[in-house]
Amino acid sequence: MPVYEGIYFDGKSSQPHRAQVSLEPSALQITYKTQDNTLPVTVHWQSQRIEQEAYTEEGKTILRYGNYPAQSLEVSYPDFLPALKSYYTAAPPVSQSGPLPKSGSAYWVWLIIICLLALIPVTYFWVLPAVADFAARQIPPAYEHKLGKTLATQIIAEDQDSARTANLRGFARQLNLPAPYPLTFTVIRNAEPNAFAIPGGNIAVHEGMFNLIQSPEELAALLGHEYGHIKLRHSLRSLFRSLSGYIFISVIIGDVSAITAVLIENANALKSLEYSRNFENEADLLGLQVMEAHQLNPEGMVQLFRHLQEHSKARGQDLEFISTHPALSSRIRNIQNRIKQKNNFQPASDSLQYYWQRLKNMPAKK
Amino acid sequence: MEENSTTTQSYPFVFHGKGTAYFEIQLANWVLTFISLGFYYPWAKANSLRYLYSKTEFAGSRFTFHGTGKEMFLGFIKAIGIFILLYGAVMAGALSGSQTWLYVGLGVFYVGFMALIPLAIHGRMRYRMSRTSWRGIHFGYRGQLMRLYGLFISNLLLTIITFGIYGSWYTVNLRKEIIGNIRMGNVRFSYEGTGTELFIINLKGLVLTILTLGGYLFAYTRDLHNYYLNNVYLEQNGHYSRLSSSVTGWGYFKLVAINLFIVVFSLGIAAPFATIRTMRFVLQNAELVGEFDADNLLQTEDIYKDATYEDVSDMLDISLV
């Protein structure tokens, strides 16, 4: 029976004891002399209760044994551990191993790890948006309406044009837009041509928009588009998507440093930009459907975008990669592809014309 | 038996961790955390801490981290629960639509957050210390939660009243309380720095950093680092020793610059290499000097396995040197 030399700590003091270690049939036997050089002390470790330290250098073995405070043994002979393991095959020591198995079977483990790593981007770009979308759709419309109300009071409350608002509501009523909750249309005093939709059925149009657009069809296209955002619950969905993306990334990366957090935040912002492009196109299509339903000339939407394009060109800001709205020309192309085949439309109805005229010709009040 | 076992000596720290080995461990941790939807986190942490501790050598022997994922899992769940409650309060306030409830929600959130900090420090210190050993001798933390709360609140108020000037004294008082309650068997720790000294370091650091347009920042960080470590004393049967750190501003600069490079250009994937570099930098530049008898530490601390606030402090991002 080979005898190994090791360093033994008894768990009571930090005194290292030079010990003789031998593998006995019943238990691991450790013999050492106490400080005062009297009789040698022998302890026995039952093999199945021995714990092996996972992260040691090549050739070194660290074992622990017993209840708190544990005893420990360090042996620096490379052949000690294999001998220990083969001797006590019936009741082997417990290996307190890490997440990776020791070499040998490591090949397929790495294969799995690489596959899983490849799964991370797949999850991020495809699975996660789907899950977030699903979650967003589970939010009851009534709740979204409530949430939107809080937001709307903060955003829309600023400066309403009440006379135009009344006419815009009249115009929208004629379009007969179905929604799970009442839609609210508002005209805001702001010279910048813009329109937006807030979750919960609030659609706001800036006064400046009426200087830009020239026909009731264009207005119908605009409202149809914003209605599309609401109907398809775009704002709630993008909120869920970006939130889920953020949480996902922080889980994966764990706690790195502040720098990566900043990087991640920007990466995520770029992605939600990509989302809103898809969403814009979806909303355009829904807007077109609204126009079709009322047999309005879908060219109105093309006109609307042309006008917006002219406006932004005049101000020199049609940057495809920075703007939240996808480049207008690509949207115009999309729409034109959709409307090529159809051409049975009628002029805007009298009531639409009535409200349109009033909206268009109303002088901006100061 | 040698008589003068406690003459002045220096005991070095050596860090044996390897970036590649730690990277493998962390990579496996990430994958497992990912496929378990985050629930592997406590085990991942145990793996990582076990590795880092077992690669840290002091006076010829390694440290051991005894904590397990199983112990920390319960704490992890509780921590998640606490944070869901806190964020839930804000969300509920925001969604109620009434301003009053929004402020109530925010109030609950911030007060809850502040109240958690001492609890998280206390809980983490008790658990971490108890689950750390060297040559089989366990560390321990004997601080009292109420004392820590009293210190935390009174010093925070003083810092606010003095527009932050008291901050240096606050930091030192907190360190005195926390470090002063650490035991390593029968060895007592203490922190002997003073608020005035720290205040001078901060003042000098801020002024010179501004004057040199940030160039002095690394020297300032070096001063802080050394001030925090060099004032840690160990008392063993009436004999004293202290930590001695000799990091340089240039060393700090190299560490930070290269770590930044590693982390940013790998999009965070190579962060384990940065961790190993930092550990090596801190430990290789540190030693214990004085009358310390490495062979005669006695086991004194009781077993303590409650890891409830271990992960709360992770989520609060509290780091203790």
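Predicted model: local features only at pLDDT ≥ 70, side-chain atom pairs only at ≥ 80, totals over all residues.
Helices and strands are here DSSP runs, at least four residues long for helices and at least two for strands, numbered from the N terminus. Most residues other than glycine have a negative phi, and most peptide bonds are trans. A:N176 has a relative accessible area of 61%, so it counts as exposed, the cut-off being over 50%.

Chain B has a case of its own. B:L213, found in the loop between α7 (195-211) and α8 of chain B, also shows a positive phi, near 55 degrees, without being a glycine. Its relative accessibility is 81%, and B:L213 is therefore exposed.

Back in chain A, a cis peptide bond turns up between A:Y68 and A:P69, with omega at about -10 degrees. A:P69 belongs to the loop between β6 (61-65) and β7 (71-75) of chain A. As for strand β9 (residues 184-188) of chain A, one of its residues is A:T186.

Next comes the nonpolar interior. In soluble globular proteins, nonpolar side chains tend to be buried together. The largest nonpolar core here has 58 residues, and B:F58, B:W134, B:F139, B:F189 and B:F292 make the most contacts inside it. Helix α8 (residues 217-230) of chain B supplies the largest share of this core, six residues. Leaving aside residues up to four places away in sequence, B:F58 touches B:Y11, B:P12, B:F13, B:F63, B:W134, B:L288 and B:F292. There is also a second, separate core of 41 residues, with A:F171, A:L223, A:Y355 and A:L359 among its members.

Finally, there is a helix pair in chain B to look at. Helix α2 (residues 41-54) of chain B packs against helix α3 (residues 69-95) of chain B at an angle of about 135 degrees, their axes being 8 Å apart. That angle is why α2(B) counts as oblique to α3(B). The crossing of α2(B) past α3(B) is right-handed. On the α2(B) side, the contact is made by B:Y41, B:P42, B:W43, B:K45 and B:A46, which meet B:G69, B:K70, B:M72, B:F73 and B:F76 in α3(B). Sorted by type, the residues of this contact come out as seven nonpolar, one polar and two charged.

Note on methods
Residues numbered from 1 in each chain as written. Chains lettered and ligands numbered in written order. Heavy atoms only, no water. Axes fitted to C-alpha atoms, helices over the stretch in contact; angles between N-to-C directions. Parallel < 35°, antiparallel > 145°, perpendicular 65-115°, else oblique. Left-handed = near helix turned anticlockwise from the far one by under 90°. Contact = heavy atoms within 4.5 Å. Nonpolar A, V, L, I, M, F, W, Y, C, P; charged D, E, K, R; others polar. Core = buried A, V, L, I, M, F, W, Y, C linked by side-chain atoms within 4.5 Å. Buried < 20%, exposed > 50% of the residue type's maximum accessible area, 1.4 Å probe, protein only.
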